[in-house]
Amino acid sequence: MKAARLARRNVLHRPLETGLSVLLLSFGVGIISLMLLMQRSLTEDLDRNIKDIDLVLGAKGSPLQLILANVYHVDVPTGNIPLADAQKVMRHPYIEEAIPLAYGDNFELFRIVGTEASYPAHYNAQVSTGKMFDAPFEVVLGQEVASATGLELGDTFYSAHGLTDGTDVHRDKAYTVVGTFERTGAVIDQLILTPIASVWGVHEDIEDADEEITAVLLKKKNPLAILTLPNLLRDTPMQVALPAIEMNRLTQQFGIGLQTLRAVALLIMGLSFISVFIALYASLRDRRYELALLRTMGAPPRRLFALVLFEGLWMTAAGIFAGLLLSRLGVMALGQVLADRFHYDVTQLAPVQGEFVLVAAALLVGAFAAGIPARSALRIDISNTLGQGR
Amino acid sequence: MLKTDGLRYRYEGGDTELAFPDLRMEKGEELLLLGASGTGKTTMLHLVAGMRTPTAGTVNLAGVAFSALPTAERDQTRGRHMGIVFQTAHFVRSLTVGENLALARSLAGCSPDEAAAKTVLEELGLAHKWNARVDALSVGEQQRVSIARAVVHGPGLILADEPTSALDDANTDAVLTLLRGQAERTGAALLIVTHDQRLKDRMSRHVALNPIA
């Protein structure tokens, strides 16, 4: 019988001690792995949505809010700006591309965003069925919207006023679905796109919203744009914000919380290794007859060392496996919540690079925690142990 | 098979040295090593088994200078050529009876032969315990299984430490018969160490251990 197999049997023979060690380790590994997975989803998601947008032009207010509202569509906008004023910036020689956005209505809480064909083009969103919108009140659905609402080509619907509830419905003008986009992984999947003129059309009778837009996504031609534009807008009701900088600031705010969580996870992992160590050490005292017996049956000391080491590694491996499984379950659960509440998809289960480091480090520390009791197995005096009866 | 010459042993920190009689055993022979408590019976057995290193003298096993081998080699040589029945039966508790026997064969370097192991168990009347947990055995069954384990790999020398001290007359006879039967079947030499005077009448060759020399 191989030492590894006997080790597994021994470990399973002590379900309580083994269970505690495996449970602790799985929590430590699980939390860290969950953080790594979420971090990847978030960074990838943030980057995918920023995609070459250098500046966002909108109404004055919190620059972070401006970014969250117009790049990620998770916050309410800071307000509207007159199209005429915005055009001065859009036509500025330092600007290479400008994508206007105008919105304020929803359908089943999915935002209806008035824009131009350059917006989906920027995110490489291809029309999968139907066609691109080209007249007011024609809409193209993001992939998530299409699957969540069940709207199909040719269907019509009324929009509801505002972004957060569906009670105040505009009954005068219906939108018609003319196409759907392929999945992009960017926020477009969660949006309903239509020409800006539709948004102006819906709001004509309620307020004098004519010729106002919510924001403009800008791509610079010249790096000086970042320095020049804020000055240019100083005395206007408008501002420009830099997505990269605002998101950086936001993740730093997260950072403190994440660091605390990571410290807790590392502490749990540390405890789990102590528990592996204690479980093995206690079991050695319990099993000294057994180990001495193995020697008399022909197992040299190095085999006892390997046996105890393998027992530690089995526990560690089981803990790692359970931890990685836990983090996947966690991502799926969290992904479900985020998808339901924010229409945000974070469910990515493939291993992150950091997880390989995590697994290697855990195995190494596990081997070390088992190594000390394993060494004491080398020093058993078989004659004294077996000669005293009990 | 077994030859000991001038074995002496002094416990660490002890002031007296134990001296042991020389033993000569061929395959198929049996020998009773008889001594009262404190005469170093178990110590002698452990010296023969290579579990202790003698202060002086040598143990020769199957033509090998056994007592002079390094620890790891001594363990392996012991596993291959000896089967030991200890005073108290110990097992690998995470394994079943059958797996304990298989482990003994594998550690002795024998090929895995489940049928052979089952035959031994059957001869000891425990065939139905093959899949039993060792903790679930009665004391008598444990002793029989430990005899099975000592012979399952066909060793040339079977050592037994006080195998009958806790048994009544009927069971003493039964255990002796089992040990002899297994030794005979495999052609092994049988060395029994005991203070049990009852065995004296039942075995022809004895060597008496004298009180500390």
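The model here is a predicted one, in which local features need pLDDT of at least 70 and side-chain atom pairs count only at pLDDT 80 or more, while totals for chains, interfaces and linings use all residues. Residues are numbered from 1 along each chain as its sequence is written, and chains are lettered from A and ligands numbered from 1 in the order in which they are written.

On the α2(A) side the contact is made by V29(A), I32(A), S33(A) and L36(A), and on the α12(A) side by G354(A), E355(A), L358(A) and A362(A). Residues count as in contact if their C-beta atoms, placed from the backbone, lie within 7 Å.

Elsewhere in chain A, L151(A) sits in the loop between α6 (143–149) and β7 (156–157). L151(A) is buried, with 21 other C-beta atoms within 10 Å (buried takes 20 or more such atoms, exposed 12 or fewer, and partly exposed is in between). Setting aside neighbours within four places in sequence, L151(A) touches L141(A), A146(A), F157(A) and V177(A). D47(A), by contrast, is 104 residues from L151(A) in sequence and 29 Å away in space, C-alpha to C-alpha.

Now for chain B. Helix α4(B) (residues 114–123) has A117(B), V120(B) and L121(B) as its buried residues. They all lie on the same side of α4(B), because they cover an arc of only 95 degrees around the axis, taken from the directions from the helix axis to the C-beta atoms. An α-helix has 3.6 residues a turn, so residues three or four places apart point the same way. The buried residues of α4(B) pack against α3 (97–107) and α5 (139–151) of chain B. Just past α4(B), G125(B) adopts a positive phi of about 75 degrees.

The two chains also meet: 27 residues of chain B are in contact with 21 residues of chain A. On the chain B side, α1 (41–48), α2 (71–81) and α3 each supply at least two residues, and the largest share, seven residues, comes from α2(B).

Note on methods. Helices (H or I, at least four residues) and strands (E, at least two) are DSSP runs, numbered from the N terminus.
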